[in-house]
Structure formats: structure tokens, C-alpha cells
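Please open the model in your viewer and keep the selection panel at hand. The stops below are given in order.

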There are 2 protein chains.
Amino acid sequence: MNAPNRMAVSILLFGFTLAMASQAGAHPNLILTEAGVERIRAELGSVPLFDATVERIKAEVDAEIELGVDTPIPRDFSGGYTHERHKRNFLILQQAGALFQILEDEKYAIYVRDMLFQYEAMYKDLPLHPQERSYARGKLFWQCLNDSNWLVYVSQAYDAIHDWLSEEERLTLEQNLFRPFADFLSIENPQFFNRVHNHSTWGSAAVGMIGLVMEDEELVQRALYGIRDDGVGVGATDDDGGFIRVEGQRAGFLANLEEPFSPDGYYTEGPYYQRYAMYPFLVFAQSLHNVRPDLNIFQYKSGVLLKGVDALLQLSDADGEFFPLNDAQKGMSYHSRELVTAVDIAYLVGGQDPRLLSVAEEQGQVLLDDAGISVAAAIRDGRAQPFEKSSINLTDGPDGRQGGVAVLRQGDEDLTLVFKYAGQGLSHGHYDKLSFSLYEKGEEVLQDYGMARFVNIEQKGGGNYLTENTTWAKQTIAHNTLVQNETSHFEGRYEIGSEHHSELHFFDGSDSNVQVVSALETNAYPGTAMKRTMALIRNGSFEKPFLLDIFKVDSDSANRYDLPFYFMGQVMRVNFDYDSPSALRALGEANGYEHLHLEGTGSPAGSNTVLSWMENGKFYTLTSATGAGDELLFARIGANDPEFNLRRDAAFIIRRNGAADTVFATAVEPHGNYSPVSEIAVNANSGIAELSVVYDDERYTAVTIEDIQGQTSIFIVSNVDPSASTEHELEINGTTYEWSGPWRYAEI
Amino acid sequence: MNAPNRMAVSILLFGFTLAMASQAGAHPNLILTEAGVERIRAELGSVPLFDATVERIKAEVDAEIELGVDTPIPRDFSGGYTHERHKRNFLILQQAGALFQILEDEKYAIYVRDMLFQYEAMYKDLPLHPQERSYARGKLFWQCLNDSNWLVYVSQAYDAIHDWLSEEERLTLEQNLFRPFADFLSIENPQFFNRVHNHSTWGSAAVGMIGLVMEDEELVQRALYGIRDDGVGVGATDDDGGFIRVEGQRAGFLANLEEPFSPDGYYTEGPYYQRYAMYPFLVFAQSLHNVRPDLNIFQYKSGVLLKGVDALLQLSDADGEFFPLNDAQKGMSYHSRELVTAVDIAYLVGGQDPRLLSVAEEQGQVLLDDAGISVAAAIRDGRAQPFEKSSINLTDGPDGRQGGVAVLRQGDEDLTLVFKYAGQGLSHGHYDKLSFSLYEKGEEVLQDYGMARFVNIEQKGGGNYLTENTTWAKQTIAHNTLVQNETSHFEGRYEIGSEHHSELHFFDGSDSNVQVVSALETNAYPGTAMKRTMALIRNGSFEKPFLLDIFKVDSDSANRYDLPFYFMGQVMRVNFDYDSPSALRALGEANGYEHLHLEGTGSPAGSNTVLSWMENGKFYTLTSATGAGDELLFARIGANDPEFNLRRDAAFIIRRNGAADTVFATAVEPHGNYSPVSEIAVNANSGIAELSVVYDDERYTAVTIEDIQGQTSIFIVSNVDPSASTEHELEINGTTYEWSGPWRYAEI
């Protein structure tokens, strides 16, 4: 490795630090502070949520102390013994450190010290981890990412017992374990450390936090600003095919705060990875807030970190589970430990927002630190207020100009639409421009598949990404959006997708009865412009709000268009005939089509195609305006899936052949319910009699919906002018409509 | 219709009754009594559960009164408007009657009267229901069954306002509505009324209850003992293919109490239909108990009705959902209104069993009658005790000699085995001799499919049985039991199946660590004897209890045997290679095989075949002793199912070709867990290293299980002698085992 000027200076500083061993400032000072510890000790026993957390964690740590220290020679992938043991070790070390400060019982300090010295003895001669899959192999774990997790947690444990250790002990640990560990993660692995990615966020937090404890300014600077000349070329890629270096991109913690977050706090990889990155973002930020208040880290980029916490909470369903945008394992929620951290810290440093307290109550635990005691005490004092989620539009991109994600909510999350018109989302992004998912309360009505991976389950590909994540989950056909000529957006090529993003046409959540979002995508298929307008509509003629989806395509060539709907549940009724094949074959050979079995092929029976299904005791009906030439396909996920890596979920695909310009207009309508206990079916039939596209040109598209009582309503969208103040006048079938703003909904 | 002597007498009595109109006894006296009403009025406001039920039902009835009376001309199948409206009417009438008695508010009496007179005006000229599907078409509904439901409920409403009506009003209602209604259900439909079947239970309760209110002894006698000469021939069948008349069988309510219940209270159609029949059984019985105490109805057949309530509660999983034996819709539970009735009445007349109170608490509602007030008051007084379910063996058949159903439970329903070795179960029976299902708490580990029907959901075949119920759900291959030569038990023929039943070998639930049941079936396949021994074993080397399944087959011919396991969840790992077909085809052409898609075919890799899967965050592993010639099949339900009537659930099938005598020995082991929130997988791997059949002859079969720590245990079953006291001595591989009783489990 080249050693440029700055490196030479670093090496001088390094020697100096080693000779001293950190001792100047008072410890702990990262996320626990002396003042915080004082408050905790004073309040302990009178703060129910904090006390309960202490009890639970004490039981857990005591059980581990009972078991004894085990630091096995690294060997396994995630899910395997050595991986899980080292992972558990860092979690327990951090907790034991906190308990030492809170309970003043030396046994916890002794446990931390003994384990740290066992790591110290092992680390000196530890080779790279034997598993060779990663672009950045770690030592304790198969990838540097997990080694960084270790150091982020262990820094806190070291901070907690720092002043209790002798100077000699500190010197040994810092010289043989922490400094080499930090150097390994950074200067020895610049392809991991020196980029903009959740991996690097963990890396810089790891290096920075141990730097703060050790008062090693060189490590802190490296963490904040990255390594200047790292020798990594532009265009290199990681395991997931993500670019390690993009022209002109910076590195370090601040760059990772700058680049992937939009000004609204949306993290471009999506909420699942935002959740993962929030922990290092926030604990390192809180540490900087305490040790380096001059940096004003929580004001950075107009307070983007705190906005990020809010955005993340908003990107969850009624059960608190994150919407599975991009690579995301379903079921991850704001009950995760990362969100406990995020919510508690955001409460402490973000102006004591009382809505966060109700989330903390739901989480049922707090951090054992300054933030946790503040939250627990405020809950005890009755200050919690509901965290009411609303319809929101979150921009994507560092400057908020790379599309975004909109969430429309009707009622108390009775119906929630998640609409994605964002950028590529780095290496975890999917080719899913203008895709959406739909929820009734916490249940999926139309699903986003999520990722093809069983995180930390060793039996399934070592717990890592499965090949079907690339061949299926990322492909366009795996999403509720349009596929042209059976090819994924951007040909499924990351280097092309990364250069583009969709554009918001308009977002209007101001009318609680009709909420609308509309966005445009012109690059996914060169020569084809796609505009999707989605509205959640509450109309007194219908029992529940419904979704209206207007997907307008304009192309300079005739194409085959496939518009899939991944409905959850069992088919109740359709209004068309279809053939069922005697043998199930894959729908295609590539781009994800090879993973769909064709279960039925039909044609529209009339001007509308209707599909009803039932899931979890609720009925749903999709009504779409279709033409005689359309094909209607029933498909099921699971073809060419020899390892049973994919769920056998259903899809309904509207296929339109040889069309250039066309409109897909579809209503998705939740209605009624069924109980297997009472065996009573209520409102099991659709309330829609007819849905028609009554107008469509460059300027406007209009759809009418006639309900079964004979009432008709019309929805008109301006395809050109998103302005809220523009006055419009349009004649449709002899009636003149006048209105202002980009959309109009009215009874006619 | 012929009018034999007894009918002539009836007609005389009939005229007499009409002239009187019932008025002699004090009303109400069916399930509400004068004494009960007095108590309710006195305690009202101080009995929380009762008060809450009154509040809820009052709100419901008031809303209906607000809507006005609607008695539409009958037209629809179940799920359709007229069906659901008339169904709701009878439920509301019954409740309104009770509210009138409890609250003394005349508006409820007026509502009941007005609706009854609307029915009276309609009924006189009402033709048969226009839907022609039923073997016994009703008038208000498409089948007499639902008309009987109506009369059972409406009798109670009439009873409640009886004394409030004028004599003239009573006369009109009885003459034009109730008596013709009762005659229609009985003498005009003997094929419905005069048999042993849940239909006839409803019919006789309907006729009997209105007879009690009207003091029409002729109706009461007809209800209790049936119609003597009804002209229905032996061998006629109903819609489900069930026999209407079997040689020598009696009819009427008492015969329906005698025949389908075993002395243990098991109802031969299974718990789903027992639940359905319990309502008329118990409300008519309680009415008889009040009006005709001389009958001692609750002591009938050694108190079989109360035993039936206990049996039914025992036949539910940890969530209270009934095991779906025979035709059964999943999700039906002891929270249903029929079980509220059963539990409350059983408490009142069955010696105030305090365990029933905890079930009533879970139900969260009580009856608005004498039984309900007793239960609610006892709960208020703190008398509830837990209803702890245990391992039980319930005999089947009127004399308890037609096999049975065993339930083995480990811990607090941590692992529950349901083992069926019963009789055919009348027309709702499945061809599933020696089948089983397995539960962990309330979750299915290995499922019984249940039925192919969406009860009361009109879109799905009018809410009635679907053809797949016959072609799939009843077939042997749809169950976790052995299929010989791809043919169902008894050739899938009801007339053969009805003549046979399996035999218990032994049941031993006395050892909480090892619970065993063993049964024998020799008629399902002539020339083949099948003996299945199933044990739930708790062994300290394993995290959780596991199932050991020893299926021994002895045949006088070489056969193909298929042993399916309907595992719920996603495949995690197997230990053998298999091919995945490029196109999915049905596994066979008949006997249910036409509904399974073949997803993979493999061969054992060694002496054991291992399949692991995950469901609901829990891991399971099946380990089976297999031979080189065995085939291993992955299958999925849903072939030849053009209407999407079947769930796309998975099966794993062990196929053994050309075998005459053989043993299938299999362990099914729950272990570990996984949380998508913590992303931590705990104990994700099986604890079994090797499972072997180490001994097998006519007398004994022995299986050893070596765990991954190298400990080995042995399970020996005596194939011949079920006696608990017999002493056994057996040498296996040089070791001599001595024990007493039909099984032995030991560490070796």
C-alpha cells in the first residue's frame, strides 16, 4: 500500500497515542456519560421500563457469565456456531459494561476484561477468516462488516470499564487489539471502509468510536473523513454487484451521512437497511455529541439523522413492520434493537418528542444509558403521546432530487399504499420503478416480495443472499409494476439503473378522502414513458376505501406489456374463462419469468376483468379495464427453484400485446369479512359495477367507476401540469369538467 | 304419503291442540325459566360478563330494530342475501325475546311479534326453495337443515313472548306458521327428519322445541322417537353420499343421542360437526330438562351429553380451534356460539364444573338465560379454574367399540398429537385410517387438510361442498397415513368403509415423558395389516419433545406404499439429492393423486432421510429410516384444481416399492426458533444423528435414536400383547431387555 503524506503523519500520531494509552477524559463518555450514570443510579428502582430492562439484561448477562467465556477460532458463516458465538459475545460485552456502570458490581467489569484479554491473545496472530466469499473478509467473522459490528459494541464495553482498568491493561488492549482491529477495518480494507454504503457506515462508526475511547484523533479523523488515497479504482464492485467507488464520491462517516440520506431522512437502500445502519449512525453520533460537541453532529445536513428516525418509523405498517422495499427480509420491525437505540437517542437529543415515547412503550425496553433513562422516566411521568402515522412523501437522493417513496394512508392505517419512484438504492436496489404494495392494517393485500434470503439461517445458503435474490427478487416481474417485452427495467443492469431515477409528477395528501400520488419513469425502457397515478379514495357508497391505479404508457414502439398483481390469498371468483394447463411450466426463461409457473390463461369476458380473493378473513376485488386482445394469466412463484428458496405465492398478470400507447386502469377494493367461527360472510362481493377509461390523451386521463347502486364517479388526472393552482377545463362525453389542481374526483 | 294408524291419532291430537293454542304452563320455560328471569332481573348490573353480553346484544338488536323487519322471498344459497337475512332474523329474534324478558321493554316483544306475523303471512303460500340442490329442500332456505335452525331459535323467541301475546295471536301463529313448519320438517321430509345424522338432530330439536312451547305432545313425541313408518327405503343417500337409512336403525332425538355418540362423548362425525350438533342437542335437552324433568335427559346414556361437551373441549388445540377430523373447516373453535351454549348449559346442569368457567371467560360472552347468569355470577365470584387439557383416548361407536381418537399432549400443549383410528364417521368421514396431525401450541406442524369447502361463501360453489372435497379432501393420500398402490382405504367407497373401523392396540398416557398410542387397521386394504404406534417422547438430550412414529405393514402381496407428511412451512435442508422437474405434472390420475403436483423426486442418501423446515419462526426436522430402493417425493397440493379451491400446501412422501412387510420408522422433531426481528436462529439443526429399526418381527418392533451427543435410546413396542402387566424379555444385538407392559423406552 502506498503511504501518502497524510499517512506518514498518521503513523507519527499513532506512535504517540500508543505510548500514552488513553486516560485523559473521564469515562464513560460515549453513550453512557458520568452525568447519565449518576442519574440512572439515583432513579433506579423507580423507573418501571428501565428497571424491567435492567432485570432482563441482568438475567441474560448473568447466565452468560455462568457459562464462561468462549472465543472460538473463527470458522463459520452466519448461522454457524463461531459466528453466532462472537456475535453474542459483543452484544453481551456491551450489556455487561452498562451493568457494571449501573449496578457497580465488579463481576461485570471482570467479565468484560477477561473476555477482552482473551480476544487480545487471539487477535495478534489471527489470519483472515477461512470463508472466502466476501469482497472484504473479516477476521472474527467472514466479512469486515461483522467485525465492524463487533468493534462498535465492544468500544462501548471498553468505555464502560476504561477507568476501572489499569493503565497497563489499557495499553495492552489498545496496542494489541483495538488499534490493529481498527486499522484492519480501515487502511487494510479500504474497499470496505472507504465508500458510501451501510458497510462503510459500520466501518467508520467502529473506527471512530474506538478512536473516541482511546482519544486517538487519527482514528477519529479517519472515521469522519475516510482515507484520502486508498488505491481503490473507480468501477470495482462488491459481492452484491454494488459499485465500491463512483467518480468524485467521498468517504467516511460524514459522507455516508451526506450521500445515502435524502433531506427528508429517507435512506436510499430502503428501510430494512436504514434500520441496520441506524445503529452505527446514532451511537457514533451520540458519542460525537458527547465527546466532540463542536461537530454539532445532530444538526448536520439540517438534522438529517433525526429526520431519518422519523422517516423510518413512518415506513412501517400498522404492526410496526418495515415496508420491504429493495432487499429486505419481511418481519423486521421497529421492535428491533436498532430501533430501540434510534428511538431512545432521538428522544434524548431531538427535543423530547413525546410521540416517540409511545413507540418506546410498544418496544417494551430501553437502552441502559442516558437516552434510555430519559425515555423510561418520561413514560413513567405520563408524557407519552400516540405516534400517528400519516400520508407522506419522502424524497430520495442526497439533494432530494432522485425521485422518492410515497406512503398514502386512509384512516387509522385501514388502507396503506406504498409507492416507489426512487433511485436505484445502491447495490440493494430492485428493478421496480413505479411499483407499489398495499396493506390493510398490518396485512399485505398486494405484496412486495422482499428478498430471497434467510438472514443468519445457515441451512439456507449460509444465511446469505441466495441466487434467487438476483434471478427473482430483484427482477421487475417480481414486483407490482409494468414489464415491457419480458425484460427488466434498465435491462436489469445495475450500472444503468444507478444513473437514473423516476420523477415525481405530484403528491397530494391534503384531502383525507382522496389522496393521490403520481410519478413518471422514462429511462427504464428507452423510448417508453410510463406514468403511474395512484389514488386512495374514500367514497360513501363503498364500505371501505379503495385504490385506483392508472398506469399510462407511451412508447415509440409496439410492445408486450405485463402488469402483475401479487395478491395474497385464495381466489374466490373471476368474471372470465381461462384454461388451466395440465402441466405447469415456467412463464419464461429469463428476467424472473423462469421462476413463475403458469397456472391459467384466459381472456377478458367483457370490458372489465374482475378477480376476487380472500385472505385472513377479508375479501378483496380487483377490477381492471381490459380489451379483447388482452391475456389474463394466473401465475405462481416457485418455478426453477430446486432448493425451495421461494414462497409459493400467487400472481395475477394482465398482459397486453402489440401496444405502444395504452392505459391500465385498475381498482383494488377491500370489502367485507368472513369469520370461520361464526361462518358468516359479510359484504363478500365487489361494490363496483363498471370501471372505464373515458378519456385519454397527452393532457388528461379520466376513469369512471360505476358502483352497484348505479352511482358513478369520475377521476381525472392532468398528465402534464402538476401545479396545484392551474385551472383546468375538459369536456368528456358531453359533460364539461372544471377544476383546479392536477386531479379531480367527483360524483357524476 | 301414507297415513298409518299412529298418524291418524296425531291428526286428532293436532286438531285438539289447534283449538286450544298453548297457554297452560307458565312461559318462558325452555332455556329461560320464570325463576331464571327473576334471578337475572335481580342480579342485573352486578354480573360483569352477563351485563356486558346484554349490552352488546342490546346494541345489536336495537340496530336491527332500527333497520326494520325484512323477510325477503327466499332465493339464494348460503352466502347470498336472502339466506343470510333469514339466518340473521332467527338469531336476532331469539336475542330480542331474551331481551324482552330481561329488560321488560315491550319494544322487543313487538319486534318479535311483528316479524313472526310477517313470516306467518309469507309461510302459508311459500313453495319449496327455488334452489334444487338439496335432497331435502327447505322453504326459507335451500335445505331443511337451515329451516330447522330457524325453528330451533324462533321457538325460543316465541317462548319468550308467549304469555305477552293474545290467545288469538298465538292461535294464528301456531296454526299458520309453527305447526305447518314443524310438519314440513318432519312428516313431509322424513328422508331428512327420520335418520341418524346431525341434520336430523336439528330437525328433531326444531320440532320438539316448538312442540314444548305449544304443549303439542304429538310434536314432542315425534321429535323424541321419530316417525314410525316413513316410507324411506334402506340404502337411499343424501347430497354427501351418506346413507339415509341403515337396516334396523331408529330415528328421533333419542336415537341421535344414542347412535353417533360413543360412551366417552365422542361424536362419530368429528368435532366440527359435533360443535354444530351440540346446539340443538343442548338447547332441546335443557328445554326437556325444564319442561319434562321426568325424562332425565342429562342422565341419558350415562350422561353422554355432558361428556360430549368435555370431549369437544378436549378436541381443540391450544388456541381452542377444533382438530379438523373428517369434513371440517379450519378455524372453528370453542369461541363459536354453539360452544357458548354448550359450556354454559353444561355448567348449569352438569354440577357446576369450575373448569368450564375459564373457558367461558375466554369466550367473553354468556347466554342470556338461566345458564348464562349462573356462569357469569360464578365467574364474578372468582370460582373459575383453568381448563387443563390432558392426553385422552376417546372411543368411537354407540357402544365404544368402533375404534376411537387419541390425543397425546406434552407439557402445556407444547406438542400435541391427534391420532385417528375411528369408524367411518358417517357421510362426513374421510378415508384416513391411522392418520394423525401434529401441533406445537396452536400451530400445525403436520396438518390434516380439513375439508374443501368455504362455508357460507357464496362465490365458492354456493358455500357448499366443492367437488374437491370428494376427489381430494376425503381421499387417503390427502392425509398423513399410508396409501397402498395409490388407492384409498376401502377403495374410497363409503358403503365398505361404513362397515369397518380400526382397533385400538393400546393407549398409555400415564408416563408424562413417554406417551404412547397404538392401533391396528386390517380392513382398509384386504390382505394387508397396518399397525401404527405413535409416541410423544420427552428426553433431556433434546430441547423439546418429539414424535416417534412406527408404521408397521404386513401384507400377503408386494405393494407400493406411500407415506405422506403434510409439513407446514418452507424447506430448510434435506440430506439427499433430488431432481426437480422442469414442468410440474400431477402425481397420478385418481384417488386424490391427481391433485398433487410432483415438485421433486429423490433417493435416500443413506440409511436415514432427513427433511428440515421452518414455519412461524420455528424449526422442525423429520428423520426417517429409509432404504436404497425408496423414493422420496416432494409434492404440492393444487393440480387439477381449475377453480383454485385448494390451498397450495406442501407434502413430503416416502414411497416404498414392491414391499409386502415393512416398517416405516420416523421421528418428527420440533427444535429452535428464529426471529425476523432479532435475526437470530437458535438451535436450527436436528438433534438426531441416526434413527434405526433394530428389531422387527411379529412380536416386537424396536427403534433406536442416537442423538448428536452420541447418546442412544431405544423404543420397543410389543406388536401382539397390549396388556400393561405382561412381562417381556427380548434380546436385540446382544443386549437383553426386560420390561412389563406393551412398550419400553430406555437410554442404552
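Predicted model: local features only at pLDDT ≥ 70, side-chain atom pairs only at ≥ 80, totals over all residues.

Residues are numbered from 1 along each chain as its sequence is written, chains are lettered from A and ligands numbered from 1 in the order in which they are written, and side-chain values use heavy atoms, with hydrogens and water left out.

**Chains A and B.** Select the contact (heavy atoms within 4.5 Å): 50 residues come from chain B and 50 residues from chain A. The buried area (accessible area, 1.4 Å probe, that two parts lose on being put together, summed over both) is about 4,300 Å², with 52% from carbon and sulfur atoms.

**A salt bridge.** Show A:Arg648 and B:Glu599, whose side chains form a salt bridge at 3.4 Å, N to O. The term requires a side-chain nitrogen of Lys or Arg within 4 Å of a carboxyl oxygen of Asp or Glu. Across this interface the rule finds 2 salt bridges.

**Helix H9 of chain B.** Select residues 198-214 of chain B, helix H9 (a DSSP run of H or I, at least four residues, numbered from the N terminus). Its 17 residues reach 24 Å from first C-alpha to last, close to the 24 Å expected at 1.5 Å a residue (1.5 Å times one less than the number of residues). Because 17 of the 17 residues of H9(B) are buried, the helix is largely enclosed by the rest of the structure; buried means under 20% relative accessible area (1.4 Å probe, protein chains only). End at B:Glu215, which follows H9(B) and has a positive phi, near 50°.

Terms used
Helix = DSSP H or I, 4+ residues; strand = E, 2+ residues; numbered from the N terminus. Buried < 20%, exposed > 50% of the residue type's maximum accessible area, 1.4 Å probe, protein only.
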